[in-house]
Structures are given as C-alpha cells and as structure tokens.
Amino acid sequence: MYVETDFLTALVKDEDWLRESALRALDEREGIHTSILAYAEVLVLFYDREQADYEIDAPRAIANLLELVPITPPEHEDAVLAAATFIEEYQLTPFDALHAGVAATSGEDVLSSEQDYDTVGLDRTPLEPDADDTDE
C-alpha cells in the first residue's frame with residue numbers, strides 16, 4: 001500500500017494527531033511503501049526547522065523511517081539518506097540535496113550552475129558561461 005507525506009510525518013513527530021493511526025496501519029497492513037516524492041516533502045519539513053515546533057535529527061530520522069516505510073524503487077533510498085546528510089552537514093536546500101544524493105549514489109557528475117554541489121564533493125560541470133567566454 002502506497003502512503004504519502006502525512007503518514008511519514010505522523011511517524012516522525014512524537015505528537016501528531018495521526019500518529020496512532022499510522023502506527024496501527026504499520027502493524028495491520030503489509031507492503032507499506034512510498035516514493036522519493038514523499039520523502040522530499042519530509043526533507044522540506046526538516047529543512048524549515050525555524051517554523052517547526054519540533055527538533056529532529058534528519059539523517060537518523062530518515063534512516064529510521066526507511067526501515068518502516070521503504071521507497072519504491074529501492075535504489076532511491078540511498079539518495080534520500082545522502083540528501084538528509086547533505087541538508088544536515090552542508091545546509092543544502094532539500095531539492096538540491098536530493099539532486100546531489102541522486103548524482104552521488106549513481107556516480108554521476110552534475111551539470112549545473114549550483115555551486116553547492118562543489119561543497120559536498122560532487123564533480124560539477126559548470127553550466128554557467130565562463131567569464132572569458134561571454135559576449136560583450
């Protein structure tokens with residue numbers, strides 16, 4: 001059964017109005033899974049802590065969540081784990097962190113103008129024009 005973000009946040013937050021229902025569903029239903037999209041929304045919540053009324057260790061929370069609610073396809077799980085670390089350690093935005101996580105776990109370079117990818121150790125091919133190559 002596919003679940004979406006409210007299910008994941010109910011599991012992450014100690015006090016959530018849907019927590020008991022989510023825990024019960026985990027016990028009663030088989031095959032609960034989600035996608036990288038639901039985890040992307042959860043990463044946005046972790047990133048926007050100033051507005052949150054709860055404190056969460058993102059990499060640990062994501063690792064714990066993945067044990068309960070796996071991602072389909074499974075190869076995206078490592079990308080989400082990497083993204084949580086990139087947010088925590090390098091303050092990447094959630095979507096830049098996910099892009100970096102996908103590139104890092106697939107062993108690919110990134111073609112981008114986003115210089116934050118350089119800080120996490122990815123090989124980035126600059127998309128921005130070289131200062132010497134611009135037309136004047």
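This is a predicted model: local features need pLDDT of at least 70, side-chain atom pairs count only at pLDDT 80 or more; totals for chains, interfaces and linings use all residues.

Tutor: Residues are numbered from 1 along each chain as its sequence is written, and side-chain values use heavy atoms, with hydrogens and water left out.

Student: What pattern does the chain follow along the sequence?

Tutor: Elements here are DSSP runs numbered from the N terminus, with helices being H or I of at least four residues and strands being E of at least two. The chain has 7 helices and 2 strands. Read in order, the pattern is α-α-α-α-α-α-β-α-β.

Student: And what percentage of the chain's residues is buried?

Tutor: Buried means under 20% relative accessible area, exposed means over 50%, and partly exposed is in between, using a 1.4 Å probe and protein chains only. The chain has 136 residues, and the buried share of them is 39%.

Student: How do helix 1 and helix 3 sit relative to each other, roughly parallel or oblique?

Tutor: Axes are lines fitted to C-alpha atoms, for helices over the stretch in contact, and angles run from 0 to 180 degrees between N-to-C directions. The axes of helix 1 (residues 5-12) and helix 3 (residues 36-47) come within 9 Å and cross at roughly 45°. Under 35 degrees counts as roughly parallel, over 145 as roughly antiparallel, 65 to 115 as roughly perpendicular and the rest as oblique. That makes helix 1, relative to helix 3, oblique.

Student: Which residues of helix 3 meet helix 5?

Tutor: Helix 3 and helix 5 (residues 76-90) pack at about 10°, with axes 11 Å apart, which makes the two roughly parallel. Contact means heavy atoms within 4.5 Å. Helix 5 contributes H76, V80, A83, A84 and I87, and from helix 3 come I36, Y39, L43 and Y47.

Student: Why do the buried residues of helix 2 line one face?

Tutor: In helix 2 (residues 19-28), A22, A25 and L26 are buried. Down the axis of helix 2, these buried residues fall within a limited arc, so they line one face of the helix; the arc is that of the directions from the helix axis to the C-beta atoms. On the other side, E20, D27 and E28 are exposed. The arc for the buried residues of helix 2 is 100°.

Student: What covers the buried residues of helix 4?

Tutor: The buried residues of helix 4 are A58, A61, I62, L65 and L66. They fall within an arc of 135°, so they line one face of the helix, while the face turned away carries the exposed R60 and E67. The cover over the buried residues includes helix 1, helix 3 and helix 5.

Student: Which residues does the cis peptide bond join?

Tutor: Look in the loop between helix 4 and helix 5, where P73 has its place. Omega is about 0° for this cis bond, and the residues joined are T72 and P73.

Student: Last one: is Q91 buried or exposed?

Tutor: Q91 lies in the loop between helix 5 and helix 6 (94-106). Its phi is positive, about 55°, although Q91 is not a glycine. At 52% relative accessibility, Q91 counts as exposed.
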